[in-house]
Amino acid sequence: MNVVSSKLKPVEYSLPTERSVPSHRLADFSILLYAPGKWGKTTLANQFPKPLFLKTENGTKSVSVFDRWVNKWDDFLAYIKLLERTKDFSTVVIDTADLLYKRCDEAVCRELDIDHVSEEGFAKGYDRIKSEFILACTRITASQRGVIFISHSEEKTIRRMGRETERTVPTMPKGALKIIHPMCDIIAYGHYDETGQRVLQIRGDEDILAGHRLQEHFVGVNEIRMGKSPEEGYANFVAAFMKGTKGGAPQTVAQRRVVVAKK
């Protein structure tokens, strides 16, 4: 069926005849990575394929990375535009998502000539921020790149079933979490186990926000040991990701990197 517009060329529409094929590339998925300060979030993200750090705080000063400062929302939009013009960089790391959301909030308030989003009517102001933030972030994923949102962790008091309880969540504002949570395929919480070793939890519970929607990956995995180095932690993460795929996990780190980067 052809739909004709006076300004647009005819568009051919059709219904699908086959089911889509699930992706098995780690780089196709968006990740929310949050953990206490100095846990190793930045060094882990730096192991992903060809990462570019768009940073709002100086968490990379002790690590050799490709990075750019995002001091205002227009900076972020400018770097997205540059990324859309090149195939350089396979992963975009937002460090931190907390402050990036604040940059978006500030830009919307300036545009509306208000001091706080509530002055515009909370629903209207929040919807404007939400639209801006989602549009910008989806432009990154549309450019065939993975996105890692970094945040810190904290315990918040919430009411559940008529009683107050503590839950571990990212430090980002509630409005930011409402946007980023559904955008991410993997929500990973980094912490220390009872022996002081670093672990990455990818399945949550009532006390911890974590989880993923990858039915054919991370099969049987709840936590991932991060080992003694960023390289070992990343290798363990990839091996856990591959569990459940046909043929099993590759046997070497080099093979794992090929599988993750392969299109």
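Let me begin with Ser30. Setting aside residues up to four places away in sequence, Ser30 touches Thr141, Val147, Met183, Cys184, Asp185 and Ile186. Please keep in mind that this is a predicted model. Ser30 sits in the loop between strand 2 (11-12) and strand 3 (31-35). Is Ser30 buried or exposed? Its relative accessibility is 6%, so Ser30 counts as buried, since the cut-off for buried is under 20%.

Next, Leu32. Leu32 belongs to the largest nonpolar core, which has 41 residues. Leu32 is among the residues with the most contacts inside that core, together with Trp73, Phe76, Ile94, Phe133, Phe149 and Ile180. Which helix gives this core its largest share? That is helix 3, residues 97-112, with seven residues. Apart from this core lies another, of 30 residues, including Leu44, Phe218, Ala240 and Met242. As background, nonpolar side chains in soluble globular proteins tend to be buried together.

Now helix 3 itself. At 1.5 Å a residue, its 16 residues should span 22 Å, and the end C-alpha atoms are 23 Å apart, so the two values agree. Among the buried residues of helix 3 are Ala97, Leu100, Tyr101, Cys104, Ala107 and Val108; Asp98 and Arg103 are buried as well. Just after the helix, Asp113 takes a positive phi of about 60°.

On to the rings. How many aromatic pairs does the structure hold? There are ten. One of them is formed by Trp73 and Phe76, with 5.1 Å centre to centre and 40° between the planes, a tilted pair. Both residues lie in helix 2 (residues 73-83), three residues apart, or about one turn of the helix. Trp73 and Phe76 are both buried.

A second pair is Phe218 with Phe237. The ring centres are 5.7 Å apart and the planes are at 65°, so this pair is edge-to-face. Phe218 lies in the loop between strand 11 (211-212) and strand 12 (223-225), while Phe237 is in helix 6 (residues 230-242), so the pair ties together parts that are 19 residues apart in sequence. Phe218 is buried at 0% relative accessibility, and Phe237 is buried at 2%. Both rings belong to a cluster linked by ring pairs, which also takes in Phe29, Phe48, Tyr234 and Phe241.

One last item: Arg198 lies over the face of Trp39, 5.1 Å from the ring centre.

Methods: Residues numbered from 1 in each chain as written. Predicted model: local features only at pLDDT ≥ 70, side-chain atom pairs only at ≥ 80, totals over all residues. Heavy atoms only, no water. Helix = DSSP H or I, 4+ residues; strand = E, 2+ residues; numbered from the N terminus. Buried < 20%, exposed > 50% of the residue type's maximum accessible area, 1.4 Å probe, protein only. Contact = heavy atoms within 4.5 Å. Core = buried A, V, L, I, M, F, W, Y, C linked by side-chain atoms within 4.5 Å. Expected span 1.5 Å × (residues − 1). Phe/Tyr/Trp six-rings, centres within 6.5 Å; stacked < 30°, edge-to-face > 60°. Lys NZ or Arg CZ within 6 Å of the ring centre and 35° of its normal.
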